[in-house]
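Subject: Structure handover and findings

Hello,

I am passing on the structure we spoke about. Please look through it before reading the notes.

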Amino acid sequence: MKKFKSPLSIYVLWHPEFKEGKEYAESIYNTYSGENGNVTHAKYDIPVHYRTKPYNKETFAKIPFSESDKNALILLVDEHMFNDSNWTETIDDLLKSKPRSTRILPIPFSEYAFDLNPERLNNFQFIKTDQSHFSPDKNLISNSRVIKYRLLESIAKFLFNVKEDYDTEEHSDPPIKLFISHAKDDGKDLAIQFRNHIYSNTKLKAFFDANDIADGHQFEQEITKHIDHSAFVIFNTDIYSDREWCRKEIIIAKRYRCPIIGVIDIKKGERRSFPYSGNFPTIAWNNNFEEIINLILSQVISDKYNELYLKSIVKMYDLEKQYSCLVLPKAPELFNYIDIENLKEENKEVKSLIVLYPDPPIGIEELSLLNDVDKKIKFITPLLLPTYIPEL
């Protein structure tokens, strides 16, 4: 069996005398590896490691870059870090030796933070608000909220980016495009408000069909050109499911496995709910743009990380030697039989088929329905692998 390699690991670094550092680090841990504070948020278990205490006469334990495909280093830069020569020298060595598959994400807690290492850290790499820096001993809850909001965007962009041939000291990861799906009759005003909030408060790009699709072009062709590095926010209003193009947008997004969330703003009811508008997180509309953005970014991270994680599982166990494997970033549904048929067409010799999806396993009622179509297919999670595949 090959050694498992995590798709992404996160390291949080702070000076041991930064007394609030531990609380900020724990908040970051809870966002990516623990309970993330919102039951509607996508669930993922990205490894989060702390680096603050001296280890074997070193400033802190070395970071094993090779154990993960990508690494994100979050620096909580306060005055203690800035004024400690051991830390500044160690950070400089770290910046010089880091591989291209690593992102440095400094968070300023001091007016001097931007001068920590100006040769290797550009201002655009810092996580910040309109203020110059966060106040370390005030507004811990407010600071943590903003940091969570900004880091979700940076981590999502980092996971989405597949390029390896550029210098992170000069370039940032390309922005995620948010496609705003809405019915014009009762969802346009809300969608416009959301788009304006995105442009005023984030570095995301909004794709708004009323303005962004050229007249005379094929709708589906225009949408699919923007699918890569995109996510869908659906504003599900009373009229939404009655509109052909809205239904078509959902199907296109699902066919291309885009991260999707639904914002529920149904006031009276729907004539007929759309049967394919499901199997993704939803959130009730309550003038909560920040929560909506947090949720879609969490879904981007969840979908991408889970896909890469499951592919690592397949590789670690050499599953493709004996099985044909379909990896899904979320729980399976009947819609995924399109993916299954496509897999069969692409591979002339399809072996016993495994559909691998993230834990937790779906209920027996859903599994029975899926197997009513094809009883030979195994729908399993990493937790269930040893049960279904005895040789593991």
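The notes below go through the model by topic.

Please keep in mind that this is a predicted model.

Nonpolar cores

The largest nonpolar core has 56 residues. Ile10, Tyr32, Leu76 and Phe194 are the residues with the most contacts inside it. Helix H4, residues 140–160, supplies the largest share of this core, with 10 residues. Another core lies apart from it and has 19 residues, including Leu94, Leu95, Leu116 and Phe126.

Leaving aside residues up to four places away in sequence, leucine 76 touches Val12, Leu13, Trp14, Phe18, Gly21, Tyr24, Ala25, Ile28, Met81, Ile107 and Phe109.

Phenylalanine 160

Phenylalanine 160 lies in helix H4. Its relative accessibility is 12%, so it counts as buried, the limit for that being under 20%. Beyond the residues up to four places away in sequence, phenylalanine 160 touches Ile176, His229, Ser230, Pro259, Val300 and Lys304.

Salt bridges

How many salt bridges does the structure hold? There are 17, and three of them are described here.

Arginine 120 pairs with glutamate 119, with 4.0 Å between the closest N and O atoms. Arginine 120 is buried, at a relative accessible area of 19%, whereas glutamate 119 is exposed, at 62%. Both residues belong to a network of salt bridges that links Asp92, Asp93, Lys96, Glu119 and Arg120.

Lysine 330 forms a salt bridge with aspartate 303, and the closest N and O atoms are 3.6 Å apart. Lysine 330 is in the loop between strand E10 (323–327) and helix H10 (337–346), while aspartate 303 is in helix H9, so this pair ties together parts that are 27 residues apart in sequence. Lysine 330 and aspartate 303 are both buried.

Glutamate 307 and lysine 311 meet through their side chains in a salt bridge of 3.1 Å, N to O. They are separated by about one helical turn, because they are four residues apart in helix H9. Lysine 311 is partly exposed, with a relative accessible area of 45%.

Asparagine 306

Helix H9 covers residues 289–317 and also holds asparagine 306. Asparagine 306 is buried, with a relative accessible area of 10%. A polar atom of the asparagine 306 side chain lies 3.5 Å from the backbone oxygen of proline 329.

Serine 352

Where is serine 352 placed? Serine 352 is in strand E11, which covers residues 352–356. Serine 352 is partly exposed, at 45% relative accessibility. Not counting residues up to four places away in sequence, serine 352 touches Gln322, Tyr323 and Ser324.

Surface patch

Leu334, Leu369 and Val373 make a nonpolar surface patch of about 270 Å². Is valine 373 buried or exposed? Valine 373 is exposed, because its relative accessible area is 53% and the limit is over 50%. Valine 373 lies in helix H11, residues 364–373.

Regards

Technical notes
Residues numbered from 1 in each chain as written. Predicted model: local features only at pLDDT ≥ 70, side-chain atom pairs only at ≥ 80, totals over all residues. Heavy atoms only, no water. Helix = DSSP H or I, 4+ residues; strand = E, 2+ residues; numbered from the N terminus. Buried < 20%, exposed > 50% of the residue type's maximum accessible area, 1.4 Å probe, protein only. Polar contact = N/O pair within 3.5 Å; in protein donor to acceptor, adjacent residues only side chain to side chain. Contact = heavy atoms within 4.5 Å. Core = buried A, V, L, I, M, F, W, Y, C linked by side-chain atoms within 4.5 Å. Patch = residues over 30% accessible without salt bridge, like charges linked within 9 Å, V, L, I, M, F, W, Y side chains within 5 Å. Areas by Shrake-Rupley, 256 points an atom, 1.4 Å probe, with all protein chains shown as cover.
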